[in-house]
Protein chains: 2
Amino acid sequence: MAQTRAPRADAVRNRKKILDAAREQITLHGPDAGMDEIAAAAGVAVGTLYRHFPTKTDLVAAVVAEYTTYVAEAAEAARERLATGARAVDEITDFLAVVTEAIAVNHAVKAAARALGADPVDRDAEARAGAALAALIQAGQADGDIHQDVTVDDIYLLFSTAPTDQPAAARTRWLTLVLTGLTTHTRTAGTATAS
Amino acid sequence: MAQTRAPRADAVRNRKKILDAAREQITLHGPDAGMDEIAAAAGVAVGTLYRHFPTKTDLVAAVVAEYTTYVAEAAEAARERLATGARAVDEITDFLAVVTEAIAVNHAVKAAARALGADPVDRDAEARAGAALAALIQAGQADGDIHQDVTVDDIYLLFSTAPTDQPAAARTRWLTLVLTGLTTHTRTAGTATAS
DNA sequence: ATTCATCATGAACCATGATTCATGTTAATG
DNA sequence: CATTAACATGAATCATGGTTCATGATGAAT
């Protein structure tokens, strides 16, 4: 049988350096950060970069995947906290604040992905996030804190367009306005606290 | 004094054809619609295009300017209707619906403008729109229909991120959610009517 | 009808940035 | 250690698309 030799240590190291550099450079210099720039930032030659990611599209897709996974895990963590007696609307508020920040940071990356036509996202991670979010919304509605007609798609819709280039203060205000539309009573972003 | 000769008739005609083609092609093929494509769609040679707009940035900026003017006029028309007894919150609702659609149509154009670093917008038109909108908001707040803390900047913030790639139904739902956050009583987009 | 400034044409040019590949290194295996 | 498959290097290649410019056409004024 063809025994696949263990991957070389430096290769593993480089892969990580490249992913980090890619996220950083794209975030910094926009979607048109060059492969050369990224390679340089990673302290690696272009050829190495291409060994790990045959195409710029592949590279960007990999960066997006990290982000998607991160969001999915945040959603699941929030749902699990419900079991410990946390209030759903508080968890949703915090989770959405996390997502807002994540979106702001990864804005350029997602723009790059779109421009390159990288397939949407990690379907699995998206599904996990959706399931967790649905549970949170239902719990919030049961508490009477979330409007009855709000759905997961509503959240997707609002956050598919979250502010990106705006400063932090504006992002917080945006979240407050959005929450006002979703909840039955006025809430302010960043105020969720265990009573 | 240097008498500037009147511009030639065909030049005027071509300029318009080019602007229309540019908006159309960019809307259709995204921000990377080529100058060649645009020229072809306008039924004109590239050189002609460059005579009218020395740079792609200039061309895109011109298209954006048309859009900005359109929005400004809509805002002013809405304010003027207040004098005829129209209810402010209705006018705001209708105006925001108009803007949402305009944004959806011009999404790619604005993306192109951003990518090319075209200076923000037509400052004058923006100022006019802002003034009209401020008046509308104040009137709505005086009626008790709009939350007291809502500002013109809030509207800008929300609409700087309006849904773009989404189908019409999603855009309507988005507007409804946003309006729920802005107004004191639940409203549905597209329902504003003279009583 | 004649003249000329303005305008139109489109092939060629050039900068940018993604991608390749021949050559030199290095970590894993025995 | 040898040996070798993996891996790294970076100058060269190639495609794309914005921009230029020498040449020809045309609308306006006399």
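Colleague: What are the ground rules here?
Modeller: The model is predicted: local features need pLDDT of at least 70, side-chain atom pairs count only at pLDDT 80 or more, and totals for chains, interfaces and linings use all residues. Residues are numbered from 1 along each chain as its sequence is written, while chains are lettered from A and ligands numbered from 1 in the order in which they are written.

Colleague: How is chain A divided?
Modeller: Into domain 1 (9-54) and domain 2 (56-182). The bounds come from an automatic or database domain assignment. Their centres, over C-alpha atoms, are 27 Å apart.

Colleague: Which helix gives the most to the domain 1 side of that contact?
Modeller: Helix 1 of chain A, with five residues. Helices are DSSP runs (H or I, at least four residues), numbered from the N terminus.

Colleague: At what angle do helix 1 and helix 5 of chain A cross?
Modeller: Roughly 95°, and the axes come within 8 Å. Axes are lines fitted to C-alpha atoms over the stretch in contact, with angles from 0 to 180 degrees between N-to-C directions. The two helices are therefore roughly perpendicular, a label for 65 to 115 degrees.

Colleague: Which residues meet there?
Modeller: A:R23, A:I26 and A:T27 in helix 1 meet A:V105, A:A108, A:V109 and A:A112 in helix 5. Contact means C-beta atoms, placed from the backbone, within 7 Å.

Terms used
Parallel < 35°, antiparallel > 145°, perpendicular 65-115°, else oblique. Contact = placed C-beta atoms within 7 Å.
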